[in-house]
Amino acid sequence: MKSDHIPRATIQRLALYVQVLETFKREGSEVVSSEILAKACNVNPSQIRKDLAYFGEFGVRGVGYFVQDLITSIKQALGVDRMWNAALVGIGNLGKALLRHQDFIRRGFHIVGAFDCDPFKIGEEVSGLEVVCSRRLKEKVDELGIEIGIITTPPERAQRAANYLIDAGVRGIINFAPARISAPNNVYIEYVDFFHHLYAVALNLTLDQQVED
């Protein structure tokens, strides 16, 4: 890796590049030009070259990128060339939907534990996992090798869920709950808020309507 200061937007685009490259691979493509990859990702070819330059030299002049080699290199750069064990806290409708999602393992993330504080949910089996009381996270983190926590609780319970994860030694958290979380500086938190995307779509539609009017 050439730089320790990778822009957040670059990391997000790299994940997109992998997704698109895997589609090319399924379709039988072995080589792809930067122009075709850029068009599929809705970015400029120069942006792709700039993003990849943070991690080394890729592609062959006049040929393009070898699809599988580039997938492997980006996954190594992102740290998803191995399996990460995750715990999901909050077994409501969203939590159950994520547990049933088939893409996690394919993309390098294995949800190995399901947790909730609701006594009516504890002991229930969802997608082959028994729901365990969140208070037992500390013992389960070591037992199951959990490194990442996924929070899908109601917003008022998100901080408590985060506290359980942090106390158990988990330093990476994905928070789907619409609430901000307080955590030590050495804990990495990513927020997933569908409304941000809905707001963006609504704004663009509104702007288009204003232009048409």
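**Entry 1: helix pair.** I looked up the handedness of the α1 and α2 crossing and found it right-handed, that is, the near helix is turned clockwise from the far one by less than a right angle. The model is predicted; local features need pLDDT of at least 70, side-chain atom pairs count only at pLDDT 80 or more, and totals for chains, interfaces and linings use all residues. Residues are numbered from 1 along each chain as its sequence is written, and side-chain values use heavy atoms, with hydrogens and water left out.

I noted that the axes of α1 (residues 8-26) and α2 (residues 34-41) come within 10 Å and cross at roughly 110 degrees. The two helices are therefore roughly perpendicular to each other, a term that covers angles of 65 to 115 degrees.

I then listed the contact (heavy atoms within 4.5 Å): L16, Y17, V20, L21 and F24 come from α1, and I36, L37, A40 and C41 from α2. I found 9 nonpolar residues here, with no polar and no charged ones.

**Entry 2: cores.** Of its 23 residues, F115, L137, I146, I151, L165 and I173 touch the most other members. I recorded β3 (84-89), β4 (109-116), α7 (137-144) and α8 (158-167) as the elements giving two or more residues; α8 gives the most, with 6 residues.

Another core, of 21 residues, lies apart from this one, and I found I6, Y17, L21 and Y65 among its members.

Note on methods: Axes fitted to C-alpha atoms, helices over the stretch in contact; angles between N-to-C directions. Helix = DSSP H or I, 4+ residues; strand = E, 2+ residues; numbered from the N terminus. Parallel < 35°, antiparallel > 145°, perpendicular 65-115°, else oblique. Nonpolar A, V, L, I, M, F, W, Y, C, P; charged D, E, K, R; others polar. Core = buried A, V, L, I, M, F, W, Y, C linked by side-chain atoms within 4.5 Å. Buried < 20%, exposed > 50% of the residue type's maximum accessible area, 1.4 Å probe, protein only.
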